[in-house]
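This briefing goes through one structure by topic. Please have the sequence and the model open while reading.

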Amino acid sequence: MNHKETHNKIVTLTSLALLTAIVVVLQLIGSSFRIGPIPFSLVLVPIVIGAILLGPWAGAFLGAVFGVMALSGGISGSDVFTATLWSFSPFWTALTCLLKGAACGAVAGLVYLAFSKKQTLACILAAIVCPIVNTGVFALVMLTALRTPLMQMAAVYGWTGSVVTVLFVTVIGVNFFVEFGINAVLSAAIARIIKAVQRH
């Protein structure tokens with residue numbers, strides 16, 4: 001391994017470590033803010049930046065870290081919604097947390113690569129697709145494997161309506177639009193950050 005390869009590897013590992021720390025801190029902070037039963041996911045921006053700068057594998061890793069943090073909140077009881085799901089089905093709760101996080105990071109990276117010839121557009125699309133995949137995977141599992149626990153929770157908490165209404169109105173609610181809005185608004189800034197980093 002020559003000097004340049006060694007330097008690039010060190011930069012990659014350092015960048016990944018820094019972004020991982022940011023994901024952990026933002027998830028800890030974000031767990032305190034919620035509208036409805038689910039906390040905001042403030043960690044999607046560093047996940048997108050990692051996916052763009054370091055590739056889909058880094059996006060998947062950072063997303064998995066996000067998933068582990070979300071799951072730990074459920075196991076510890078600090079996230080009541082995830083804790084309730086955990087009590088019903090530890091396996092599916094763990095799989096959902098890890099899968100949705102890893103998928104949103106990986107897809108963001110793949111979207112960036114697909115449109116990388118137009119860098120600003122690629123950054124914007126990657127930033128926008130990340131919350132869509134994160135919420136989409138969550139919704140898919142909740143409507144299938146975790147459908148029964150969801151409706152049992154609805155009965156306990158007095159949420160009314162069909163499973164679709166409970167999921168998209170009560171559980172997901174405005175959280176998705178807040179996460180989507182944050183990423184959409186910051187996507188142009190993300191593009192500038194990427195350009196600045198890649199010049200060095």
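Phe 91, Trp 92, Leu 95 and Leu 99 together make a nonpolar surface patch of about 380 Å². Patches are made of residues with over 30% relative accessible area and no salt bridge, with like charges joined within 9 Å and nonpolar side chains (Val, Leu, Ile, Met, Phe, Trp, Tyr) within 5 Å. A salt bridge is a side-chain nitrogen of Lys or Arg within 4 Å of a carboxyl oxygen of Asp or Glu, and accessible areas come from the Shrake-Rupley method with a 1.4 Å probe, where for residues only the protein chains shown count as cover.

The model is predicted: local features need pLDDT of at least 70, side-chain atom pairs count only at pLDDT 80 or more, and totals for chains, interfaces and linings use all residues. Residues are numbered from 1 along each chain as its sequence is written, and side-chain values use heavy atoms, with hydrogens and water left out.

- Phe 91 belongs to helix 5 (residues 90–114); helices (H or I, at least four residues) and strands (E, at least two) are DSSP runs, numbered from the N terminus.
- Phe 91 counts as exposed because its relative accessible area is 55%; buried means under 20% relative accessible area, exposed over 50%, and partly exposed in between (1.4 Å probe, protein chains only).

**Nonpolar cores**

- The largest nonpolar core has 33 residues, and Ile 47, Ile 52 and Ile 190 have the most contacts inside it. Such a core is a set of buried Ala, Val, Leu, Ile, Met, Phe, Trp, Tyr and Cys residues joined through side-chain atoms within 4.5 Å.
- Two or more residues of this core come from each of helix 1 (3–30), helix 2 (44–54), helix 3, helix 5, helix 6 and helix 9 (175–199).
- Another core, of 17 residues, lies apart from it and includes Ala 139, Trp 159, Leu 167 and Val 171.
- Ile 52 is in contact with Tyr 112, Cys 123, Ala 126, Ile 190 and Ile 194, leaving aside neighbours within four places in sequence; contact means heavy atoms within 4.5 Å.

**Helix 2**

- Helix 2 is mostly covered, with ten of its eleven residues buried.
- Among the buried residues of helix 2 are Pro 46, Ile 47, Gly 50 and Ile 52.
- Gly 55 follows helix 2 and has a positive phi, near 110°.

**Helix 3**

- The 21 residues of helix 3 (residues 56–76) should span 30 Å at 1.5 Å a residue, and the end C-alpha atoms are 30 Å apart, which agrees. The expected span is 1.5 Å times one less than the number of residues.
- Leu 62 lies in helix 3 and counts as buried because its relative accessibility is 0%.
- Leaving aside neighbours within four places in sequence, Leu 62 is in contact with Leu 16, Leu 19, Thr 20, Val 23, Pro 46, Ile 47 and Gly 50.
- Leu 62 and Ala 102 are 40 residues apart in sequence, and their C-alpha atoms are 7.2 Å apart in space.
- Val 65 is also in helix 3 and counts as buried, with 15% relative accessibility.
- Val 65 is in contact with Thr 20, Val 23 and Val 24, leaving aside neighbours within four places in sequence.
- From Val 65 to Leu 98 the separation is 33 residues in sequence and 7.9 Å in space, C-alpha to C-alpha.

**Ala 17 in helix 1**

- Ala 17 lies in helix 1 and counts as partly exposed because its relative accessibility is 47%.
- Ala 17 and Leu 62 are 45 residues apart in sequence and 9.6 Å apart in space, C-alpha to C-alpha.

**Helix 6**

- Thr 135 is in helix 6 (residues 119–143) and is buried, with a relative accessible area of 13%.
- Not counting residues up to four places away in sequence, Thr 135 touches Ile 172, Phe 176 and Glu 179.
- Ile 132 also lies in helix 6 but counts as partly exposed, at 39% relative accessibility.
- Ile 132 touches Phe 176 and Phe 180, not counting residues up to four places away in sequence.
- Ile 132 and Val 80 are 52 residues apart in sequence and 23 Å apart in space, C-alpha to C-alpha.
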